[in-house]
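Hi,

Here is the structure I promised to pass on. Have a look at it first, and then read my notes below.

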Amino acid sequence: MPKLTIDGLEVEVPEGTNVLEAAKKLGIIIPHFCYHEALGAVGACRLCAMKFVDGPVKGVQMSCMVKAQDGMVVETADPDAMRARRMVIEWLMTNHPHDCPVCDEGGMCLLQDYTIAGGHGRRRYKGKKRTYLSQYLGEFIEQEMNRCIQCYRCHRFYRDYAGGIDFGTKKIANQTFFGRFKEGWLESEFAGNLADVCPTGVFTDKTYHFKARQWELETAPSVCPHCSLGCAITPGAKLRELLVLKARENLKVNGWFICDRGRFGYRFASSENRPRKFTVNGQEKSRSEAMDAAAKIISETVARYGPGSVALVGSPRTSLENNFALGKLADMLRTKNICFSAEPFRESKERRAISLLNAANSRSLRDVEFSDFILVVGADPVNEAPMLALMLRQAALKGARIIVIDPRPVILPFNFTHIPALPDEFAGKLAELAGSSTVPTPGGRAMIICGTDVSGMDAIDACFDAANRLGCGLFYILSSANSFGAALLASNGPDFEAALSGMESGDIRVLIALESDPLGLFSDREMAARAIENLDSLIVMDYLPTETAGAASMFFPTAAYAEMDGVFINNEGRAQALPRAYIPGIPVNRMGPRQNPPELHPPREFFSEVPGRSFPAWEYLRDIACGMGMECRELESLERVRASLTDDGQFAQIAGLHAESEGVSITAGPMDRPQAQRPPSVGGKLDTGEGLLLYAVELTFGTEEISIHSDKTQLRAPKPYVLINAGDAVSLGLKDGQTVRVSSGEAAFSCVLKTSASCARGAAFAPRLKDFRAEMLNRKRVTITGERG
């Protein structure tokens, strides 16, 4: 490794490190705009000048463009270097509008910081400034082109790094414009990162406009809840309102960026539709009254019908601690009726997938970037786990060969080989590829990525077997932020289908649903509705206005991911801590003025509690257990809950886990192979009748359980449609764009038809859009007919 001296301090850095990064390692920060760790160096801004006084390079040079070499002696405070930086700053400020007081970037603007650091404080240029008309780029990103300093970061991220094609550079003479050919929504699923990479206020988060300054925000490092990848984020809140969310660096997971669903899906947290009241039989109650009522009904039910009369369902989107506390309550009640997902077939596949991962074969999201051959099976990365698509692009740019086996017309921002095949053909296609010269010999940096949505149990096993034969890495995509943790707790226990059967038969009288929405998630909604209708009591704890929450006998509002301390375990088994960023409650700006009688003006009384305060679900479970007279020391505090967790050898690694770390790895160990086939009611058994086989699928926007409650991301959700192969459409006498009826037995829905030559024949695909109910026909044979206009 090269060793050099900067400002009299010696430093040794890895081969290929530039001098700017070498200085940063010593804590010496030199102003720079165009350089970014992920985007590399182009020397466009000319600001990072240093004086090379000895060694293989001499004179004032742009430090981002010079690789560190042995024997280099560099001075950052040399008068020539400082003069060069000062002059560049003055040039860059020539056309700047000086609108810092009304710029959203104010207080976190590199241009502000580096102008002061560069010594520029007086404007000498008296000429007319160059100006531009800004463009409308959608509801995610706001543009103010007059603040641009031509660092090219936006172009390099959007086009080069993310592969977007609808945004770029237009230039004539000394006028350079970064934008679209015409106004409209930015099409890339990663466009929000423009707000992070722009060092000035040209591109800012439109959802955060004029809400707060950086120093006013309550922040904490956190983890994105919108898919299973576990990307690092930083939420920011003010006066009990979550206002903004930014990417946070984690070099083991997402690197420096996040997708737009993760960035803008946060608005559910402060939505006016968010349920914030404790209710019992439709009547608002205090927290203590609601807890007492729940403890009473559970106690009476157990006394009358036995412990098996109570069932509990957790969730893959809640924290490890919440699910663990639910399990503890089940133990106290001595009931075996507990599961951790309302989607039994998906849960069984995820339990199988995590049991196949181990320290030798598991790969991280960042490992994808450095793989040389990647086989994607039964996955649509952009729609199921968007940041995976971005990492796949980085691998492709480095020369990796990528093959996708999937029935859908998968679209990715790079060239790849697509093999359209139905899920029951995946294992055969894998075997064919494994025996061909297409797949590299064992020992290379190859990886197999397997989805767990459209893929069946056989495909999950086949991917594991192929990875073993080839000696390559394995990466399973799961459904939610804590699917791995939920599957670990579920182990070999019963699933939600068994609970529904007990509810229908009358054996189960009370259901506790922890951040779970059986009415919205279970494929046979009518079956779920009948079972829930048959209950004596439905106790729901959630932060979303779900269908199940609307049907609850008792409802307790819970804290969301940025409002509580907790742990998520991502799809590779990486446990990451997420501390509370702010105390949740009704945002202050929605409280309105408090009217006091004249004798109490100014106010002489204050709220004793935060209005609309919600709490972590484990606290409610503790209160219920204590209200029933049970020994609940293990749930006494979060520290006690985590101590109980770490006593279990499986979770011992989370002891001492802190939010600033890159996380710790947890392995599942062997589990019994779950039942591969399921009754049609849960979409597991493939229908072999006539018609096309329909699959309910995910989209980047409009289908994910949490972000569908965010108003801004819902603007990107499409209208309902069904997608089939163009050849199948011709056979059925149907045309792209016409309204069709999709039916199977008595179940049916109407929507627009889309066709593609790239999807597998014999299949149909409908997105799980909110209120669309495509899930009810998942994995069933359907008839598609045209409707009269």
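Which residue lies over the face of Phe615? That is Arg287, placed 4.2 Å from the ring centre. There is another contact of this kind to look up: Arg317 has its charged end over the ring of Tyr543, 5.1 Å from the centre.

Before you zoom in any further, keep in mind that this is a predicted model. The chain has a mean pLDDT of 88, and 94% of its residues reach 70 or more. Going element by element, strand E25 (residues 554-557) has the highest mean pLDDT, at 96, while H3 has the lowest, at 83. Be careful with residues 676-686, where the pLDDT is below 50. In the model that stretch still has 37 contacts beyond near neighbours in sequence. Where pLDDT is low, the predicted coordinates should not be read in detail.

Now for the aromatic rings. The count comes to 21 aromatic pairs. One of them joins Phe33 and Tyr114 in a tilted arrangement, with 5.5 Å from centre to centre and 55° between the planes. Phe33 belongs to the loop between helix H1 (19-25) and strand E3 (49-54), and Tyr114 to helix H3 (residues 110-117), so this pair ties together parts that are 81 residues apart in sequence. Both Phe33 and Tyr114 are buried.

Another pair is Tyr161 with Phe257, this time edge-to-face: the centres are 5.1 Å apart and the planes make an angle of 65°. Here, too, distant parts of the chain are linked, 96 residues apart. Tyr161 sits in helix H4 (residues 153-161), and Phe257 in the loop between strand E13 (241-247) and helix H6 (260-264). Are these two buried or exposed? Tyr161 has a relative accessible area of 7%, so it counts as buried. Phe257 is buried as well, because its relative accessibility is 1%.

Last, the barrel. Six strands close into it, in the order E29-E33-E30-E32-E31-E34, and their pairing is mixed. On average, neighbouring strands of this sheet are turned by 45° against each other, ignoring direction. For a closer look at one pairing, take strand E30 (residues 721-725) and strand E33 (residues 763-767), which run antiparallel and share two bridges. Ile724 has Ala764 in E33 as its bridge partner.

Cheers

Terms used:
Residues numbered from 1 in each chain as written. Predicted model: local features only at pLDDT ≥ 70, side-chain atom pairs only at ≥ 80, totals over all residues. Heavy atoms only, no water. Pairing = 2+ DSSP bridges. Helix = DSSP H or I, 4+ residues; strand = E, 2+ residues; numbered from the N terminus. Axes fitted to C-alpha atoms, helices over the stretch in contact; angles between N-to-C directions. Phe/Tyr/Trp six-rings, centres within 6.5 Å; stacked < 30°, edge-to-face > 60°. Buried < 20%, exposed > 50% of the residue type's maximum accessible area, 1.4 Å probe, protein only. Lys NZ or Arg CZ within 6 Å of the ring centre and 35° of its normal. pLDDT = per-residue confidence, 0-100. Contact = heavy atoms within 4.5 Å.
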